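Work through the exercises below with the coordinates open. Each task is followed by a stepwise solution.

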Amino acid sequence: MSMTDPIADLLTRIRNASRAQHRSVDIPASGIKREISRVLAEERFIDNFAFYEDGKQGQLRLYLRYDDKSRGIIQGIRRASRPGLRRYAGKDGVPRIRRGLGIAIVSTSRGVMTDRDARKVGVGGEVLCSVW
């Protein structure tokens, strides 16, 4: 069975694993999922991630972060652009999430990056999701 929105599946798996307080979550790999995981690791929303070959498309294992009271660092994660309704933002229209406390992950012509990096470089693109 084919999946119509693999990025939404990634975000849902992260959200569910965080709420269930799992230490890690396995996700079928793809290039865009690997880039989103890289941004989440750079911004310290997850501890780390690893790619495992499984003879098919591979698996990404994301290691989730929790605070000292066992609450997930990721309080919210939401898909912005979706296959039925793409959300694009120009260089001046890249959204700020929770007044700068969260991040928007943007797919630009220079790669996948945060909203802050996109404003710094001066590029816009497709707003994939927001994390806070």
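The model is predicted, so local features need pLDDT of at least 70 and side-chain atom pairs count only at pLDDT 80 or more, while totals for chains, interfaces and linings use all residues. Residues are numbered from 1 along each chain as its sequence is written, and side-chain values use heavy atoms, with hydrogens and water left out.

**Exercise 1.** Find how many salt bridges the whole structure holds, and describe the one between Arg116 and Glu43.

Step 1. Apply the criterion: a side-chain nitrogen of Lys or Arg within 4 Å of a carboxyl oxygen of Asp or Glu. The search of the whole structure returns 10 salt bridges.

Step 2. Arg116 and Glu43 meet through their side chains, with an N to O distance of 2.6 Å.

Step 3. Arg116 lies in helix 3 (residues 115-121), and Glu43 in the loop between helix 2 (31-42) and strand 2 (46-52); the pair is 73 residues apart and links distant parts of the chain.

Step 4. Classify accessibility (buried under 20% relative accessible area, exposed over 50%, partly exposed in between; 1.4 Å probe, protein chains only). Arg116 is partly exposed at 36%, and Glu43 is partly exposed at 26%.

**Exercise 2.** Locate the partners of the salt bridge between Arg65 and Asp47.

Step 1. The closest N and O atoms of Arg65 and Asp47 are 3.3 Å apart.

Step 2. Arg65 sits in the loop between strand 3 (59-64) and strand 4 (77-79), Asp47 in strand 2, 18 residues away.

Step 3. Asp47 has 41% relative accessibility and counts as partly exposed.

**Exercise 3.** Determine how helix 1 and helix 2 cross.

Step 1. The axes of helix 1 (residues 6-19) and helix 2 come within 10 Å and cross at roughly 40°.

Step 2. Helix 1 is therefore oblique to helix 2, given that angles under 35 degrees count as roughly parallel, over 145 as roughly antiparallel, 65 to 115 as roughly perpendicular and the rest as oblique.

Step 3. List the contact residues (heavy atoms within 4.5 Å). Helix 1 supplies Pro6, Ile7, Asp9, Leu10 and Ile14, and helix 2 supplies Ile32, Lys33, Ile36 and Leu40.

Key:
Helix = DSSP H or I, 4+ residues; strand = E, 2+ residues; numbered from the N terminus. Axes fitted to C-alpha atoms, helices over the stretch in contact; angles between N-to-C directions.
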